[in-house]
Amino acid sequence: MGRRWRSAPLGARADGGTVPKPVALLVAVIATQERSDSTLADQHLLCVRSWQANVVSAALNVLAIGAAGLVSAVSVLLLGSPRAGGGRGHGPGRAHLAPEGFGVLAGLLLASSFSAPLGTVEVKAAMVAFTAGTAGALIERRTLPRWAGLPLVALAGGALVALGIRSSAVGLEGVDAVVTVVWVVLVTAAVQRLDDFPGGAAAVSVPAAAGLAVLAALAGQADLALVTGGLAAALTGASIAGRRPPRARLGPSGATATGVALSAATVLVQPATEPPLGAVLPLVMLALPLFGLLVFVSGRLHHGVPLPGRGEDGLVGRLRRRGLGSRGALLKLLLAQVLVATATVAADRRWIAPGVGLGSALALSLVVAGAAATAEVHAPAVGRPVLRSVALGAVAASAAAFIAAGASVVFALDSADSGVAAVERGLAAARDGRFDDAAAAFLDAEGDFDRAGRRLGDPAVSVARLVPVLGPNLAAARELVESGASVAAAGAGVARAAPAQLEVRDGVVPVAAIGASAPALARAAATLQSEQAVLAAIERAYLVGPLRRAMGELEGRLARATISAEMAAMAAEVVPAIFGADGPRRYFVAVQNNAELRATGGLIGNFGELVADGGRVRLERFERIGALIERGADVWPIDAGPEFLARYERFDVDRTWQSVNLSPDFPTVGRVITSAYPASGGRPVDGVIAIDPVGLAALLSITGPVEVAGWPVPLSAHNVVSVTLHDVYQDLEKGDRVDLLGDVARATMGALTDGQLGTPTTIGDALGPAVRGGHLMVYLSRPEEQSLAERLDVAWASPEVESDAVLVVNQNAGASKIDYFLSRRVGYDVRLSPSGDGSVAVEGTLTVAMENAAPAAGLDPYVIGPSLDDVTAGTNRTYVSIYTPHGVTAATLDGAPLEVESELELGRSVYSAFVDVPSGATRQVSLDLVGDAALTEGGWYELELGRQPLLHPDDVAVAVTVAPGWRITASQGGFDVEPGGRQATLRAVLTEPTRPRLRLEPLR
């Protein structure tokens, strides 16, 4: 394996992304991927096993819920229902513990004990409910005074808040804690009022608890589903067993436990429906008992009846007064709550439109409550006009305040819309280099946002912030307006600091103007960072759709603008020195030939020296690489580290210019070249620029066509690649064709240093695709300047592997120009088994199919060979290297065992082999991989797909399967997740490096 080759082309990198422009404030990149519908037999088997495991788990949960109901019923039967006038163990008039309440407590305790682990927040909430119910039993036994009921329930609400079970209704932490406690008190009071009539509390609480259990189960909240399902079963068991009067009256113990458990469940459940409907949806499940409480309270206040104490003025009692009778009233209440729960679940699962489902549930609850409210229970009100007047006045004042707040918000958002439009105009003008127009647009935006801010500062709006649901929307609108104003101010500052025209003319970069804009750009970047953090901290659970979308759009703009502003500020500090503001700078220009592959783009056939002095750029030297080979020292000093030498020293990388760019990491190649060039007769250089014909095409799109002696037509962006890498070998004699690529590069560089290139934005737009594809790379020897190159994604530095990675590199080992005809298909079939501690076991197969479309005859041997004695014409002898963080258990070539070299480079393993691909044939290398990958923050599996700058981009197909017990809950970067979340596929043409990812979560 220690043989040398005389030459070989194209190579690549694994970083990538977009190329931000130093003066742009916004960059948008849109990538589309095709869907792959491939499936695997073992994936089907894993699905079957997962389905079986889920069935078993569901069956055990159903049994646990059934056991809770059975324990509740048995508890009631054993304790015995007391009879009117004194039951077993009680004398007449003595306080007693309702058996049904004891049964509910027992069933709730049993259901909680089945949850695993027992320390989950759902189980803790159930224990709070159990404790509150036990305290209710003490009140029932008269161990505690009856007035202690309200403080005890409020204390239970505080315990839930302490556990982290807290509403996000307002968005202010303290207020949300109070809202949660009030919610617990209201729900518990509603259940207790229903319990005034035997069977009333159970008739509503059973379907409500069952509905919440279904919502939790469908959301994957297994522990919450088990606890709420167990509560529903316990209530049912107590109702069935408690047949003697007072039948199914839960008493303070059971009603308190039920109320606290239901209120906690509505806060904990996570519906599939997005907020704000999703945030309101669980609350609608309890609309009927809450409306009943409202009817009870308003009726007693209206008639001057004290609120404490039982009576016939609850929902059931009032419905009885409507002529329904006891059984009819209970059945009507039960049916209504079942319909409410069904409509709520259907709305969440989108079996019906969410708005229709929730509207129907609320309407039905209102109809039942309204029917109850019209029943005459108390004597007509006498002498209470003051109370009613005060109540009506409070309602009127609230309505007036809301109307005033609404009007202010409407006008504020209208001004904010105008401000956003002005910001967009300013950004567009800044991108085009029209900074006067940008400054005017940003000033308009500042005025619009200032008007919007004054509207949102009205006293009525400030008071309305304390209102649940409305408060978070007002607060978010205010933050949105303030952030918009800050962005507009930052943009105006940048526009004012920028020169009227920032253009590259006659090969001169305006370094003084760029440097002068640095302070304003730094301030803008700091402002954008601050506003991005402010928006990220806003609670969004209750935001209305338009406001939520507006915040998401502004966040996206801020994120992109922040990145661009940071790099612009960095560029303003560094770029002047790069272009010689502090003294002349000299850069080595390497012209690579993609028809003879090397890792970074191809064999270096020509080189030059680019000199920058005071912003003026000129080409001082341009020659064939043979000039350096002839004058080179016997051995060069190599500044590339021991890993590079260990892998490439056998290829004479310290003495052969054909081997200097064998590594796919361009900073390593840059260091090799900067150390080798002075040893070959060159002057010390401050960096390296590598370009291939695709990169030349991008430059020609800026300069326009160039004429080259010896070629009959001008060379342009449209024909330079085909002419220099294919046509030249058919139409010119050997001596002329050897020099043509160099002549084109020299002419293009000359046009760059003499022409009118336009604004940096124009230049960046033209060069972006070539930079992203690796056809134009830059290495700068000073660390701060190299850091800028890396931020601009022009450095092509191999990143550290964060999760998983794939990179394939071919290098020509046949001394031919045959790689013009090479194309590849890369497949990665991987199975992931997460461990739950942030790591994931990886087992997969990586395949590389190399297709050689070169003819066996008809082209010059200089192109298709043979150049070596043991290689036939048309055969592509290639040195293929596969970079991966995993180990290899088996390697094959077209199904036959293949011996591969195993080495280390760039923090990953490299498996390499020489492969001959005959004319018109396809050969496939396959590696079986085993290893571990880390999940990044948030549980993401990231796959870094590196790219070698080939003429024909790789066709990549990835199939991911996750182990049973886990699922894929989100994807980015082109992955298509299959139904069920067990599999994901990706199909892409790899024109640039990419990093698709999948979020993995355990099933619950």
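Let's start with helix α6 (residues 200-218) and helix α7 (residues 222-241): their axes come within 8 Å and cross at roughly 155 degrees. Here axes are lines fitted to C-alpha atoms over the stretch in contact, with angles from 0 to 180 degrees between N-to-C directions. Helices are DSSP runs (H or I, at least four residues), and strands are too (E, at least two), numbered from the N terminus. So α6 is roughly antiparallel to α7, a label for angles over 145.

Quick word on the source: this is a predicted model, where local features need pLDDT of at least 70 and side-chain atom pairs count only at pLDDT 80 or more, while totals for chains, interfaces and linings use all residues. Residues are numbered from 1 along each chain as its sequence is written, and side-chain values use heavy atoms, with hydrogens and water left out.

Okay, who touches whom? Contact means heavy atoms within 4.5 Å, and the residues making it include A209 and A213 of α6 and L224 and L231 of α7.

Now, rings. The structure holds nine aromatic pairs, meaning Phe, Tyr or Trp rings (six-membered ring for Trp) with centres within 6.5 Å; planes under 30 degrees apart are stacked, over 60 edge-to-face, the rest tilted. F588 and F607 are stacked, 5.7 Å centre to centre with 5 degrees between the planes. F588 sits in strand β2 (residues 585-593) and F607 in strand β3 (residues 603-613), 19 residues apart. Both are buried, which is under 20% relative accessible area with a 1.4 Å probe, protein chains only.

And F588 and F607 also belong to a cluster linked by ring pairs, with W636, W657 and Y677.

Methods
Parallel < 35°, antiparallel > 145°, perpendicular 65-115°, else oblique. Buried < 20%, exposed > 50% of the residue type's maximum accessible area, 1.4 Å probe, protein only.
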